[in-house]
Amino acid sequence: MVTLAEILRRHGDAYRAEFAARMSRDQLRAMRAIGRCRTEALGGSLWACPHCGRTRYSYHSCRNRHCPSCGHEEAEAWRERQERLLVPAAYHLVTCTVPEPLRAVVRSHPRECLPLLMRASASALLKLTADPRHVGGTPGITAVLHTWSRALVYHPHVHLLVTGGGLD
């Protein structure tokens with residue numbers, strides 16, 4: 001099976017040459033880290049068995065939270081820390097998405113459009129919940145931006161975890 005790191009090592013330079021101007025610094029940093037993960041670029045450690053003397057060299061990992069090879073544990077620890085911050089209440093998942101005809105615009109201008117998507121999503125939800133016919137108050141909201149679907153199709157959307165009640 002081909003790994004994401006191998007794909008980035010093979011095609012990352014060409015991809016960055018064409019799209020780097022439209023990518024965030026964080027995206028570029030993650031691409032570089034994942035492409036270097038577990039290679040001589042990050043160095044490594046020599047391990048020796050004290051009994052038989054057999055040695056093995058192991059490259060260092062990038063420890064980037066987006067890296068499928070080594071960031072999972074750190075991402076899981078982050079999720080657990082976030083769960084401890086939740087108030088004891090019912091929660092609902094709300095998803096705000098960009099209509100398909102506008103996705104090319106968002107992909108071409110992510111620095112401008114993605115923050116706008118986050119603000120518009122939260123603003124619309126706060127306006128709706130302020131209405132006494134719905135919640136009549138301000139709920140707790142945690143929002144996460146996703147830019148790709150599980151099928152690896154560009155699909156910018158925001159998941160908002162919203163408390164079942166709010167402060168009036």
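Biologist: Where is the place of R63?

Modeller: Helices are DSSP runs of H or I with at least four residues, strands are runs of E with at least two, and both are numbered from the N terminus. R63 is in the loop between strand 2 (55-59) and helix 3 (72-84). Before we go on, this is a predicted model, in which local features need pLDDT of at least 70 and side-chain atom pairs count only at pLDDT 80 or more, while totals for chains, interfaces and linings use all residues. Residues are numbered from 1 along each chain as its sequence is written, and side-chain values use heavy atoms, with hydrogens and water left out.

Biologist: Is R63 buried or exposed?

Modeller: We call a residue buried under 20% relative accessible area, exposed over 50%, and partly exposed in between (1.4 Å probe, protein chains only). R63 has 58% relative accessibility, so it counts as exposed. Look at its backbone too: R63 is not a glycine, yet its phi is positive, near 60°.

Biologist: Which phi does R38 take?

Modeller: R38 has a positive phi of about 55°, although R38 is not a glycine either. With a relative accessible area of 42%, R38 is partly exposed.

Biologist: Let's stay with helix 2. How far does helix 2 reach from its first C-alpha to its last?

Modeller: The expected span is 1.5 Å times one less than the number of residues. Helix 2 has 12 residues and reaches 17 Å, close to the 16 Å expected.

Biologist: And which residues of helix 2 are buried?

Modeller: They are L28, A30, M31, A33, I34 and G35. Part of their cover comes from helix 1, where cover is read through contacts, meaning heavy atoms within 4.5 Å. Take L28: once its neighbours within four places in sequence are set aside, L28 touches R16, A20 and M23.

Biologist: Which residues form the largest nonpolar core?

Modeller: A nonpolar core is a set of buried Ala, Val, Leu, Ile, Met, Phe, Trp, Tyr and Cys residues joined through side-chain atoms within 4.5 Å. The largest one here has 11 residues: A5, L8, M23, L28, M31, A33, I34, C37, C62, C67 and C70. Helix 1 and helix 2 are the elements that give two or more residues to this core, and helix 2 has the largest share, 4 residues. Another core lies apart from it, with 10 residues, including L117, L125, Y154 and V158.

Biologist: I see cysteines in that list. How many disulfides does the structure hold?

Modeller: A disulfide is a covalent bond between the sulfur atoms of two cysteines. We count one when two cysteine sulfur atoms lie within 2.5 Å, and the structure holds 0 disulfides. C67 is buried, with a relative accessible area of 3%, and its sulfur is 3.6 Å from the closest cysteine sulfur, in C70, which is too far for a bond. For C96, the closest cysteine sulfur is in C113, 16 Å away, again too far for a bond. C96 counts as partly exposed, at 21% relative accessibility.

Biologist: On to the rings. How many aromatic pairs does the structure hold?

Modeller: Rings of Phe, Tyr and Trp (its six-membered ring) pair if their centres lie within 6.5 Å, and planes under 30 degrees apart are stacked, over 60 edge-to-face and the rest tilted. The structure holds 3 such pairs. In one of them, Y15 and F19 have ring centres 4.7 Å apart and planes at 45°, so the pair is tilted. Both residues lie in helix 1 (residues 4-19), 4 residues apart, or about one turn of the helix. Y15 is partly exposed at 32% relative accessibility, and F19 is partly exposed at 23%.

In a further pair, W148 and Y154 have ring centres 5.3 Å apart and planes at 80°, so this pair is edge-to-face. W148 counts as partly exposed at 36%, whereas Y154 is buried at 13%.

Biologist: Which charged end sits over the ring of Y154?

Modeller: The test asks for NZ of Lys or CZ of Arg within 6 Å of the ring centre and within 35 degrees of the ring normal. Here the charged end of R107 sits over the ring, 5.2 Å from the centre.
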